[in-house]
Amino acid sequence: MAVALILLLVAIGSVLFHLYSPWWWTPIATNWSYIDHTINITFWITGFVFVAVIAFMAYCVFRFHHKEGRQADYNPENKRLEWWLSVGTGIGVAAMLAPGLIVWHQFVTVPADATEIEVMGQQWQWSFRLPGKDGRLGTSDVRNISPENPLGLNREDPHGQDDVVIENGDLHLPIGKPVKVLLRSVDVLHDFYVPEFRAKMDMVPGMVTYFWIRPIRTGTFDVLCAELCGAAHYQMRAKVIVDEESDYHAWLEQQKTFAELSGRSAVVRATYKSGGK
């Protein structure tokens with residue numbers, strides 16, 4: 001009896017802890033409430049199965065506990081029970097997979113009017129690139145990366161000259177506008193993760209991965225790396241600031257373009273060489 005009660009208390013305590021736990025998701029800041037709904041469905045299904053299994057164990061411990069003279073009945077097969085378990089398990093797995101597949105389709109289907117931005121991860125900092133007045137990002141290649149060109153932009157591509165480059169700084173986004181986030185890594189695996197955005201994706205060297213979001217509230221949000229990337233992994237932080245559109249454009253006007261940064265680097269190099277002579 002005591003063991004059965006302990007099992008029931010474990011099940012009830014686990015459910016209450018889940019419902020009243022102070023550790024829960026941060027308030028969402030993008031359109032991806034669908035991800036929260038999918039996780040909640042998974043919690044309810046797995047929670048129901050967990051409570052049902054524990055309750056069945058408690059019943060068996062109490063109902064079939066040892067008694068003098070009682071002998072167990074050996075029944076190696078029960079086709080009816082096997083059918084019920086197979087069908088029930090299949091329905092449960094399908095109920096968890098189906099919402100995830102629907103949300104995944106939405107996750108990878110980028111709206112046609114989304115603005116592309118780029119996030120570059122490297123040990124142990126974040127850099128960002130936004131399109132300039134032409135609305136297009138220029139091409140890039142890791143072979144072009146240098147101290148003067150940290151994101152590896154193609155200097156011959158006219159679309160890249162007005163790109164806004166932010167090295168080891170903070171990213172600003174306008175509220176209500178869809179954004180396709182292109183993800184690149186210079187060295188090892190990284191993962192661009194803003195908890196309030198819900199969306200995240202691994203950054204793999206040699207590949208360009210992506211996700212898209214639509215910010216729905218203004219604020220300042222922490223950027224974390226969700227993939228262990230070396231000794232200073234915990235220090236790989238930045239900020240994403242979601243602004244009203246007017247504030248966003250005011251901030252954008254103050255940022256340097258790739259052409260401006262390249263010109264300044266050329267002046268510094270020339271000054272250094274002439275001073276050295």
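How do the residues of the lining of the largest pocket divide into nonpolar, polar and charged? Some notes for you on this and the sheet.

1. A word on the basis: this is a predicted model, where local features need pLDDT of at least 70, side-chain atom pairs count only at pLDDT 80 or more, and totals for chains, interfaces and linings use all residues. Residues are numbered from 1 along each chain as its sequence is written, and side-chain values use heavy atoms, with hydrogens and water left out.

2. The lining of the largest pocket comprises 10 nonpolar, five polar and seven charged residues (Ala, Val, Leu, Ile, Met, Phe, Trp, Tyr, Cys and Pro count as nonpolar, Asp, Glu, Lys and Arg as charged, and the others, Gly among them, as polar). Of its 22 lining residues, Pro131, Gly132, Tyr248, His249 and Leu252 lie nearest the centre. A pocket here is an open set of points on a 1 Å grid over the protein atoms alone, where a 1.4 Å probe fits, with protein on both sides within 12 Å along at least five of seven lines; lining residues have an atom within 4 Å of a point.

3. Helix α4 gives the most to that lining, with five residues, while β1 (115–122) and β4 are among the elements that each supply at least two. Helices (H or I, at least four residues) and strands (E, at least two) are DSSP runs, numbered from the N terminus.

4. Now the sheet: five strands form an open arrangement in the order β4-β10-β9-β6-β7, with mixed pairing (two strands pair if DSSP finds at least two bridges between them). At the edges sit β4 (171–174) and β7 (200–203), each pairing on one side only.
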